[in-house]
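I opened my notebook to look around this structure one stop at a time. Come along and check each entry as you read.

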Amino acid sequence: MANLTAARNGRDVHLDGHGPVPMPRVTRALGLETRTLRPYALGGALAGGLGFYGMCVYASAYHYVFLIGGRPRFSWPSFVVPSFAFAMMSGVVAIHLALLVLNRLPRLNHPAFNIPGFLRASEDRFFLSVEARGEGFDAERIERRLAALPAGAGRPLEIRRIPR
């Protein structure tokens with residue numbers, strides 16, 4: 001996998017692994033292990049919770065004031081539970097949106113779909129896709145590096161070029 005990492009260092013190549021099970025070694029080799037959804041979830045939850053709490057405060061303390069039975073104008077305990085529930089919902093929505101954006105979805109047509117047998121990637125096949133992103137992409141160099149991998153280190157069984 002070290003050769004793949006060296007091949008990936010250019011900005012004109014995008015490597016991605018496809019398979020039916022999680023592949024932590026491939027994720028590590030591609031440099032994707034540090035990607036996490038926690039900041040998106042926390043940011044969405046905080047923004048949603050604080051926004052809902054602010055809306056409750058504005059609505060009950062300033063815009064539509066009920067002064068009934070000695071209740072104070074700003075009764076914060078009544079806003080905590082719905083604000084927490086809205087914060088959790090906002091965090092979930094933020095995670096879903098982050099997954100869509102980070103995975104570049106919805107993408108109705110990907111060049112990898114043209115690979116014969118690619119639909120079996122969700123059943124019993126593993127694929128490594130190399131996507132050209134710039135003018136400096138050298139397909140022969142990538143093929144030589146992949147073919148030079150040792151048999152036990154994940155040398156590909158077959159290399160195909162798929163036009164866009």
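Predicted model: local features only at pLDDT ≥ 70, side-chain atom pairs only at ≥ 80, totals over all residues.

**Entry 1: Leu100.** I found Leu100 in helix H4, which covers residues 77-102.

Entry 2: Next I asked which residues make the nonpolar surface patch. I noted Phe86, Met89, Val93, Leu97, Leu100, Val101 and Leu105, and the patch is about 630 Å².

**Entry 3: charged pairs.** Before moving on, I reminded myself that side chains of opposite charge can pair when their charged atoms come close. How many salt bridges does a search of the whole structure find? I wrote down six.

I started with Arg125 and Asp124, whose side chains meet in a salt bridge at 3.6 Å, N to O. Arg125 has 38% relative accessibility and so counts as partly exposed. Asp124 is partly exposed too, with a relative accessible area of 40%. I also saw that this pair belongs to a network of salt bridges linking Arg120, Asp124 and Arg125.

Then I turned to Glu143 and Arg161, which form a salt bridge with the closest N and O atoms 2.7 Å apart. This pair links distant parts of the chain: Glu143 is in helix H5 (residues 139-147), Arg161 is in the segment after H5, and they are 18 residues apart. With a relative accessible area of 27%, Glu143 is partly exposed.

My last pair was Arg160 and Glu158, where the salt bridge is 2.5 Å, N to O. I put Arg160 down as partly exposed because its relative accessibility is 43%. Glu158 reaches 52%, so Glu158 counts as exposed; the line for that class is over 50%.

**Entry 4: stepping back.** I counted out the secondary structure as five helices and two strands, in the order α-β-α-α-α-β-α along the sequence. Is the protein compact or spread out? Its radius of gyration is 25 Å, well over the 15 Å that the globule rule gives for 164 residues, so the protein is more spread out than a compact globule.

**Entry 5: surface and contacts.** I noted that buried residues make up 25% of the 164 residues. The accessible surface comes to about 11800 Å², and 63% of this belongs to carbon and sulfur atoms. Finally, among contacts between residues at least 6 apart in sequence, 66% join residues at least 24 apart.

How values were computed: Residues numbered from 1 in each chain as written. Heavy atoms only, no water. Patch = residues over 30% accessible without salt bridge, like charges linked within 9 Å, V, L, I, M, F, W, Y side chains within 5 Å. Areas by Shrake-Rupley, 256 points an atom, 1.4 Å probe, with all protein chains shown as cover. Salt bridge = Lys/Arg side-chain N within 4 Å of Asp/Glu carboxyl O. Helix = DSSP H or I, 4+ residues; strand = E, 2+ residues; numbered from the N terminus. Buried < 20%, exposed > 50% of the residue type's maximum accessible area, 1.4 Å probe, protein only. Rg over C-alpha atoms; globule rule 2.2 N^0.38 Å. Contact = heavy atoms within 4.5 Å.
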